[in-house]
Each structure stands twice: as structure tokens, then as C-alpha cells.
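The following exercises are intended for a reader who is new to this structure. Each consists of a task and a solution in steps.

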Amino acid sequence: ITERVFMRPWCLAELAMAHQQGLDLICLYFAGCDKPSDRFIDSLPSQVLDIEGLARFGLIHVHLQEALLRVQQCTVNYSMSDTLNPTTLKELASLMVAPQRP
């Protein structure tokens, strides 16, 4: 998650679609970034420009807010440094390998 990802309608749309599909969520936070606040989520329609344009694709602000609440509750989090190296890539890969399900 980068600094302004939650301000971009299409990024929010991707999160909402993943949420609606029940996909697993792994949150990767780059330096200086954090989970969306309750205040931001509550005021989402007034925070994000052109958010209403997503309605023609069946996404209204409630869907986007639900997805952001899921980001807040994400239990698999990783704080990224500014650089990628073999160690950080290995750590990321270990987060993305899902355990075998019976």
C-alpha cells in the first residue's frame, strides 16, 4: 500500500472486487503508509474525486467502504522498506504461500 492508493478510485475498485470475491488479503505497507482510518472510511465519498464514476460498474461507496474496513482488519501485514533485496523478497514470498488446506 502506497501513500495515495486509497485516493485512487480504480485502486479502491480493485480492493472492492477482491473483497466481493472473497480473496485472501495480504497488506504490504511501504514506508510512511498505514491502514485507512475510520474517519477516512466514513467520509470516503467526499475524500476521493470521481468515486461516483464507479457506480456504472456496480460499485457504490458502501462497497468501497466495506473493502477498506477489510483492509483495516487485515491480519497478514508487512511493512516494506524503500528497497527490495533478497531478504525482503524471501519474507514476502513466505507471506504469500498459503498453507495447504485439507
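**Exercise 1. Determine how many aromatic pairs there are, and describe the geometry and placement of what is found.**

Solution. The model is a predicted one.
Step 1: The count comes to one aromatic pair.
Step 2: A pair of aromatic rings is described by the distance of the centres and the angle of the planes.
Step 3: The partners are Trp10 and Phe57, with 5.3 Å centre to centre and 65 degrees between the planes. Planes over 60 degrees apart count as edge-to-face, and the pair of Trp10 and Phe57 is accordingly edge-to-face.
Step 4: Trp10 belongs to helix 1 and Phe57 to the loop between helix 3 and helix 4, so the pair ties together parts that are 47 residues apart in sequence.
Step 5: Phe57 is partly exposed, because its relative accessible area is 47%.

**Exercise 2. State which residues of helix 4 are buried, and where they lie around the axis.**

Solution. 
Step 1: Helix 4 comprises residues 61–72, 12 residues in total. From first C-alpha to last it reaches 16 Å, close to the 16 Å expected at 1.5 Å a residue.
Step 2: The buried residues in helix 4 are Leu64, Gln65, Ala67, Leu68 and Val71.
Step 3: These residues cover an arc of only 160 degrees around the axis, and therefore lie on the same side of helix 4.
Step 4: In general, an α-helix has 3.6 residues a turn, so residues three or four places apart point the same way.
Step 5: The cover over the buried residues of helix 4 includes helix 1, strand 1 (27–29), helix 2 (38–42) and helix 3 (44–47).

**Exercise 3. Classify the packing of helix 1 and helix 4 by its angle.**

Solution. 
Step 1: The two helices, helix 1 and helix 4, pack at about 80 degrees, and their axes are 8 Å apart.
Step 2: Angles of 65 to 115 degrees count as roughly perpendicular, so helix 1 is roughly perpendicular to helix 4.
Step 3: Residues of helix 1 that make the contact include Leu12, Leu15 and His19, while those of helix 4 include Leu64, Leu68 and Val71.

Methods: Residues numbered from 1 in each chain as written. Predicted model: local features only at pLDDT ≥ 70, side-chain atom pairs only at ≥ 80, totals over all residues. Heavy atoms only, no water. Helix = DSSP H or I, 4+ residues; strand = E, 2+ residues; numbered from the N terminus. Expected span 1.5 Å × (residues − 1). Buried < 20%, exposed > 50% of the residue type's maximum accessible area, 1.4 Å probe, protein only. Arc of directions from axis to C-beta. Contact = heavy atoms within 4.5 Å. Phe/Tyr/Trp six-rings, centres within 6.5 Å; stacked < 30°, edge-to-face > 60°. Axes fitted to C-alpha atoms, helices over the stretch in contact; angles between N-to-C directions. Parallel < 35°, antiparallel > 145°, perpendicular 65-115°, else oblique.
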